[in-house]
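Keep the model open while you read.

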Amino acid sequence: MKFLAALTLVLLGLHAANAGAPLKIAYSDWPGWVAWDIAAQKGWFKEAGVDVELVWFEYVPSMDAYSAGKVDAVCMTNGDALVTGANGKPAKGILLNDFSDGNDMVVAKAGIKSMKDLKGKKIGVEVGFVDHLLLLKALEAAGMTEKDVTLVNMPTNQTAQGLASGSVDAIAAWQPNSGQALKEVPGSTPIFTSANAPGLIYDLLYVSPESLAKRKADWKKVVQVWFKVTSFIKDPKNKDEYLKIMSARVGLKPEQYAPLMKGTHFLDLAENKQHFAAGKDLASVFGSSSIVDDFNVKNAVYKKAQDVAGYLDGSLVSDLK
């Protein structure tokens, strides 16, 4: 009897420890996710009564860490969440951080002025992930397919070097990598960007279904903190402070980081509610994800269509006023 009582106390203690453990969020160099550093440095998680540990990775390793169960949540695009889920580790998108509004680009070397000029050329891209999708969309818009070009698989953080070396004729990459290529390769130019397909790439906070079930109240606090971040960013008087925090995270100067903010449309509470509403086009994250899912199956990124609605949960947002 004493043994059972002691065992019960141990189990209760373990449960309490788990309940109080920091929520681990994997994030990477996209501006819409770097902005979480503002909340950390301003002490807003602690102020909200939630313990959060932000864990820094390159983008693909951040999703690998999530898939391996090393973190509770990961910042990723709606398209990559489908890929991650199709490969065995589904997640719930509970918050829309932003949508890409020009920061994802196809950057071509000097002399190439349009997507059609890329026919028969080599393009560096991280195959199977978000800017592969952008590239396929760009080719489609030009009346072309993947068969018209040669893809060279490379990590996104190495694409600028790839274009500079001359090993490829163009790259598909997000900021700050696309901007680095434009800076380092004389005459290079963006020939297609996410601003040509707004809503194709939403950036979200995806949480494991297990953690969301156990710690929903804590995740709601995290969501509330995000809207404090967006209010801070949208107030012009805070520009110097947020640029200092965010640029330091990726090793740039504030003046170098400022242009990256223009291609990221940060989403506040009202916009979250708007884009979480059901819909069939790119104005809705449901519509966008369905379009991306069709695209992924059509282009053999994965074989079986995903249950898009199962990847999204806007309830924490809709509860807020």
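## Ground rules

On a 1 Å grid over the protein atoms alone, a cavity is a set of points where a 1.4 Å probe fits but cannot get out, while a pocket is an open set with protein on both sides within 12 Å along at least five of seven lines. A residue counts as lining if it has an atom within 4 Å of a point. Grid points are joined across faces, edges and corners, and a volume is the space filled by probe spheres set on the points.

This is a predicted model, in which local features need pLDDT of at least 70 and side-chain atom pairs count only at pLDDT 80 or more, though totals for chains, interfaces and linings use all residues. Residues are numbered from 1 along each chain as its sequence is written, and side-chain values use heavy atoms, with hydrogens and water left out.

## The enclosed spaces

Two cavities of 30 Å³ or more turn up by this rule. Helices H6 (78–86), H7 (130–141) and H15 (285–298) each supply at least two lining residues, with H7 giving the most, four. Helices here are DSSP runs (H or I, at least four residues), strands are E runs of at least two, and both are numbered from the N terminus. By class, the lining has eight nonpolar, four polar and one charged residue; Ala, Val, Leu, Ile, Met, Phe, Trp, Tyr, Cys and Pro count as nonpolar, Asp, Glu, Lys and Arg as charged, and the others, Gly among them, as polar.

The second largest cavity holds about 60 Å³ of space. Its lining includes Asp29, Tyr59 and Trp174, three residues that come up again below.

## Aromatic pairs

A pair of aromatic rings is described by the distance of the centres and the angle of the planes. Rings of Phe, Tyr and Trp (its six-membered ring) pair if their centres lie within 6.5 Å; planes under 30 degrees apart are stacked, over 60 edge-to-face, and the rest tilted. The structure has eight such pairs. Take Tyr27 and Trp56: the ring centres are 4.9 Å apart and the planes sit at 80°, so this pair is edge-to-face. Tyr27 belongs to strand E1 (residues 23–27) and Trp56 to strand E2 (residues 52–56), so the pair ties together parts 29 residues apart in sequence. Tyr27 is buried at 2% relative accessibility, whereas Trp56 is partly exposed at 30%. Buried means under 20% relative accessible area, exposed over 50%, and partly exposed in between (1.4 Å probe, protein chains only).

Tyr59 and Trp174 have ring centres 5.1 Å apart and planes at 85°, so they are edge-to-face. This pair links distant parts of the chain, with Tyr59 in helix H5 (residues 59–67) and Trp174 in the loop between strand E8 (170–173) and helix H9 (177–184), 115 residues apart. Tyr59 is buried at 4%, and Trp174 is buried at 6%. Elsewhere, Trp36, Phe45, Trp226 and Phe266 make up one aromatic cluster.

## Charges over rings

A charge sits over a ring if NZ of Lys or CZ of Arg is within 6 Å of the ring centre and within 35 degrees of the ring normal. Arg249 does this over Trp56, 4.1 Å from the ring centre. Lys89 does it over Tyr66, at 5.2 Å.

Where does Asp29 lie? Asp29 is in the loop between E1 and helix H2 (31–34), and it is buried, with a relative accessible area of 11%. Leaving aside neighbours within four places in sequence, Asp29 has contacts (heavy atoms within 4.5 Å) that include Trp56, Trp174, Gln175 and Pro176. The peptide bond from Gln175 to Pro176 is cis, with omega near 10°.

## The largest pocket

Pro176 is also among the residues nearest the centre of the largest pocket, which has 20 lining residues and a volume of about 440 Å³. H9 gives the largest share of that lining, five residues. By class, the pocket lining has eight nonpolar, eight polar and four charged residues.
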